[in-house]
Amino acid sequence: AAAAAADVAPKLTKAATVDVMPQQQQQQQKYNDDLDDFFYDDDEDEKSDEQNSSLMSATMRRSTYHLWNYNDVINWLNSIEGNRFNGKYDRLKRAIIAYDINHSRLSQLNELTLKVLGVTDENDRQLMLSHIAEIT
């Protein structure tokens, strides 16, 4: 009887683990999809610079700051100082997605946070923080 019970315990543990795995895989897939949408958005490539500029202006209106989601925050960051950060600091942008940094959470970013998230240039950190202060 003891041997039978010992055989059952590992099977229950394995079955419990198997049930959890699809949920973890789904969460990872959603995260990966969000990153893909951000980094490989084919629709963005097809738009002209004028269309992108117009879209950016519409998205970045001061009256809508409180509505920003993580995607709006990333678009705004990319647009600072004539697109200075576009194509830079991917680690920071992945963290903005992963932690769902929207407008209301932007003020939580500080110099140390930016440094840990890969913004190694002190001038870039200061520039980001000054722009964050302007809109929060």
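Helix H8 covers residues 122-135, which is 14 residues. From its first C-alpha to its last, H8 reaches 20 Å, close to the 20 Å expected at 1.5 Å a residue. The model is predicted.

**Helix H8**

- At the start of H8, Asp-121 and Asn-123 come together: a side-chain oxygen of Asp-121 reaches to within 2.8 Å of the backbone nitrogen of Asn-123.
- The buried residues in H8 are Asp-124, Arg-125, Leu-127, Met-128, Leu-129, His-131, Ile-132 and Ile-135.
- What do the buried residues of H8 pack against? Their partners are H4, helix H5 (90-98), helix H6 (103-106) and helix H7 (111-116).

**Helix H4**

- H4 spans residues 70-83.
- At its start, a side-chain oxygen of Asn-69 reaches to within 2.9 Å of the backbone nitrogen of Asn-71.
- Buried residues in H4 are Tyr-70, Asp-72, Val-73, Ile-74, Trp-76, Leu-77, Asn-78 and Ile-80.

**How H4 packs with H5**

- H4 and H5 pack at an angle of about 160°, and their axes are 9 Å apart.
- Angles over 145 degrees count as roughly antiparallel, so H4 and H5 are roughly antiparallel to each other.
- The crossing of H4 past H5 is right-handed.
- On the H4 side, the contact is made by Tyr-70, Val-73, Ile-74, Leu-77 and Asn-78.
- On the H5 side, Leu-92, Lys-93, Ile-96 and Ile-97 make the contact.

**A closer look at Asn-78**

- Asn-78 lies in helix H4.
- Is Asn-78 buried or exposed? Its relative accessibility is 9%. Buried means under 20%, so Asn-78 counts as buried.
- The side chains of Asn-78 and Lys-93 are joined by a polar contact of 2.5 Å.

**Two loop residues with positive phi**

- Most residues other than glycine have a negative phi.
- Tyr-89 is not a glycine, yet it has a positive phi of about 60°. Tyr-89 sits in the loop between H4 and H5. With a relative accessible area of 12%, Tyr-89 is buried.
- Asp-100 is not a glycine either, and it has a positive phi of about 50°. Its place is the loop between H5 and H6. Asp-100 has a relative accessible area of 39%, so it is partly exposed.

Terms used. Residues are numbered from 1 along each chain as its sequence is written. This is a predicted model: local features need pLDDT of at least 70, side-chain atom pairs count only at pLDDT 80 or more; totals for chains, interfaces and linings use all residues. Side-chain values use heavy atoms; hydrogens and water are left out. Buried means under 20% relative accessible area, exposed over 50%, partly exposed in between (1.4 Å probe, protein chains only). Helices (H or I, at least four residues) and strands (E, at least two) are DSSP runs, numbered from the N terminus. A polar contact is a pair of N or O atoms within 3.5 Å; within protein, one must be able to donate a hydrogen and the other to accept it, and residues adjacent in sequence count only if both atoms are side-chain atoms. The expected span of a helix is 1.5 Å times one less than its number of residues. Contact means heavy atoms within 4.5 Å. Axes are lines fitted to C-alpha atoms, for helices over the stretch in contact, and angles run from 0 to 180 degrees between N-to-C directions. Angles under 35 degrees count as roughly parallel, over 145 as roughly antiparallel, 65 to 115 as roughly perpendicular and the rest as oblique. A crossing is left-handed if the near helix is turned anticlockwise from the far one by less than a right angle, and right-handed if clockwise.
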